[in-house]
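I opened this entry to note down what I looked up, beginning with the charges and then turning to the chain as a whole and to one residue.

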Amino acid sequence: METYGRIKIINGKFNSRFPYCRSILIDDKIKAIIDPGSGREIYLDILRKNKIKYVFNTHYHYDHIHYNYLFHRAKVFLNKIEAECFIDRSNILKRVGIYQVHGQKALDEWIFYTCQINAPKTPYSPSRNHAWYLSTCRLDGTYDYGETWFCGATEFEFIHAPGHSEGFCCVLFPGEDIIYTGDIDLTPFGPWYGGTDSNIDDFIKYAWKIADLEIKYYVTGHEMGTFSQEEFKDKLTTYLEIIEKRDIKILNVLEKGPQTLDALTKYGLIYGGPKYLIDPWVYAWERVTVLKHLERLKRNKKIIQNGSYYQLR
């Protein structure tokens, strides 16, 4: 566990790869957890030794909330934009793109399966995990972006950085000169904007705003770890270039001739091949992501749309 003053970085299982994440323990007189997605055993050990007063979620995605339920004596907070996800769980599927791709039936099935302890799983996503239900059925409060919080002497604030999701934020600890960048994570997979509340242009814009904050330590939410500002900027450049590479993959397919969104989705250009698309959630994320790139390519006058077909300009 890395320690920076009263800030402790909790590494998640499997090197914090999805569906796990790196989280933050504020180890002060008042103790708090930010994004409890590291692993059940890790948090049970923390709870044996600490009284946690607050749990803060930077956004509503599964990998950053799914151990909320372990902290039943703590108060759970989420940003005001996405608080609706914990008030009415159907809003989650409307934000992550599942409802738009698969419809009301998928939403009803999700509500049904996540209420069960041992529901049949889907192959490549945690879509039916019971933790969805357990960790979204309580909301004790919301936080404002830019609002200063204190846990004991530890000062922190939530910086709005939409793109990954509409309400997504990073957490700045000015006293420790450290920022938790969450899902601006620099991973080889690249930026994730597969929800219907995601935005590619915002992702790029706010990732650079975070990078320009002149902070000493940048802590990512998945896999990569802790970086200096210079290292973070260097890796961010490579990370964001993956967006352009996805554009090129789509353009290469369109060189063969006009394609529908359905046809382009089936190539599995984003998730590494068609085999992963048997999972309905991965299929939805692939489709939503491809559509966002098609819209981006149209804005950049690289392609045109003719009815349901997309073709090179």
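I first looked up the charges of the protein chain, and the mean positions of its 41 positive and 39 negative charges lie 4 Å apart. Here Lys and Arg count as positive and Asp and Glu as negative, with His and the chain ends not counted, and the place of a charge is NZ of Lys, CZ of Arg, CG of Asp or CD of Glu.

I noted that this is a predicted model, in which local features need pLDDT of at least 70 and side-chain atom pairs count only at pLDDT 80 or more, while totals for chains, interfaces and linings use all residues. Residues are numbered from 1 along each chain as its sequence is written, and side-chain values use heavy atoms, with hydrogens and water left out.

For the overall form, I found that the C-alpha atoms of the protein chain fill a box of roughly 65 × 45 × 30 Å along the principal axes. Of its 313 residues, 56% count as buried, meaning under 20% relative accessible area with a 1.4 Å probe and protein chains only.

I then turned to H293, which sits in helix α11, residues 280-299, where a helix is a DSSP run of H or I of at least four residues, numbered from the N terminus. H293 counts as buried because its relative accessibility is 0%.

Beyond its neighbours within four places in sequence, H293 is in contact (heavy atoms within 4.5 Å) with Y193, I200, I243, R246, D247 and I250. With Y193, I also recorded a polar contact between the two side chains at 2.7 Å; such a contact is a pair of N or O atoms within 3.5 Å, and within protein one must be able to donate a hydrogen and the other to accept it, while residues adjacent in sequence count only if both atoms are side-chain atoms.

Technical notes: Buried < 20%, exposed > 50% of the residue type's maximum accessible area, 1.4 Å probe, protein only. Helix = DSSP H or I, 4+ residues; strand = E, 2+ residues; numbered from the N terminus.
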